[in-house]
Amino acid sequence: MGKIYQKQQKINGYECAWNYKLQPTAAMNYFQQSSQEQSEALGVGPEVLDEMGLAWFLVKYQLKFHRYPRFNTTVTVETEAMSFDKFAAHRRFALLDEQGEVMIEGDTEWMLLNRRENRLERLSNVPEMDVYGSGHENKFKLRRLTSVKDWQTEKVFQVRYQDIDFNSHVNHVNYLAWAVETLPLDKVKTEVIDTAKIIYKNQGFYGDVITVKMAQIGENAYRMDIVNQEDTLLCQIELTMKQEDGHED
């Protein structure tokens with residue numbers, strides 16, 4: 001267990017979908033921002049790590065959407081660096097309503113890259129990370145995604161400059177956004193994401209041509225592989241969908 005960081009967040013209109021509810025990618029942006037703010041407050045923010053020749057990169061992401069917050073309401077964004085175990089760090093996220101009930105939750109696994117030597121850094125070799133007060137047993141286990149051989153459809157995108165983050169590669173949120181674009185329009189307009197499992201394999205860069213391959217693997221389940229122009233696998237995603245409940249949050 002580590003130190004918990006919380007912040008209040010108002011749901012803005014430009015972050016909402018057709019149903020006046022928060023976009024899944026916006027929730028991921030909230031989570032990313034909260035982790036950066038906590039790191040900044042503890043003295044180990046992105047710029048400090050950059051000076052040390054280090055950078056976090058995301059390996060796995062699991063999201064559960066219990067309820068979607070509504071436009072113009074206020075939620076609490078919560079995050080906690082749960083554990084540092086050898087090379088893997090487990091960070092938990094949650095979006096809470098005014099009663100403190102979890103609306104959206106996420107678990108992530110990160111690794112620390114030594115950019116000067118182009119290798120993974122063992123977390124115990126970086127004493128600055130002790131400020132998080134994290135444990136040393138990583139209990140986050142993401143189950144293997146469904147294997148797919150025959151893809152049903154694909155869509156092509158080109159990486160824009162605004163898709164790039166601090167580390168000069170594609171921001172991890174964009175992969176989910178691209179994946180959603182491959183879903184049938186009737187699904188997108190009548191249903192919402194229930195769960196998302198994401199495995200990041202390689203980095204995408206400015207100018208890359210991205211192909212998202214999609215297959216339906218169940219009544220409300222979909223698998224996507226995202227590759228670049230050299231057919232290098234960048235990301236794998238598995239989504240389950242559910243009917244929008246119309247709950248007024």
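Which residue in E11 stands opposite Ile 198?

Analyst: That's Ile 237 in E11. Before going further, some ground rules: this is a predicted model, where local features need pLDDT of at least 70, side-chain atom pairs count only at pLDDT 80 or more, and totals for chains, interfaces and linings use all residues. Residues are numbered from 1 along each chain as its sequence is written, and side-chain values use heavy atoms, with hydrogens and water left out.

Now the strand itself. Strands here are DSSP runs of E with at least two residues, helices are runs of H or I with at least four, and both are numbered from the N terminus.

E8 has a partner in E11, residues 233-243: the two run antiparallel, joined by 9 bridges. Pairing takes at least two DSSP bridges between two strands. E8 also runs antiparallel to E2, residues 54-65, with 5 bridges between them. In that pairing, Thr 195 of E8 sits opposite Lys 64.

Asn 72 counts as partly exposed because its relative accessibility is 44%. Setting aside neighbours within four places in sequence, Asn 72 is in contact with Lys 10 and Ile 11, contact meaning heavy atoms within 4.5 Å. Leu 123 is another story: it is 51 residues from Asn 72 in sequence, and their C-alpha atoms are 40 Å apart.

Zooming out, the chain's secondary structure comes to 4 helices and 11 strands. The radius of gyration is 18 Å, close to the 18 Å that the globule rule gives for 249 residues, so the chain is as compact as a globular protein of that length. That radius is taken over C-alpha atoms, and the rule is 2.2 Å times the number of residues to the power 0.38. The C-alpha trace spans about 50 × 50 × 35 Å along its principal axes.

Burial across the chain comes to 51% of the 249 residues. As for contacts between residues at least 6 apart in sequence, 73% join residues at least 24 apart.

How values were computed. Buried < 20%, exposed > 50% of the residue type's maximum accessible area, 1.4 Å probe, protein only.
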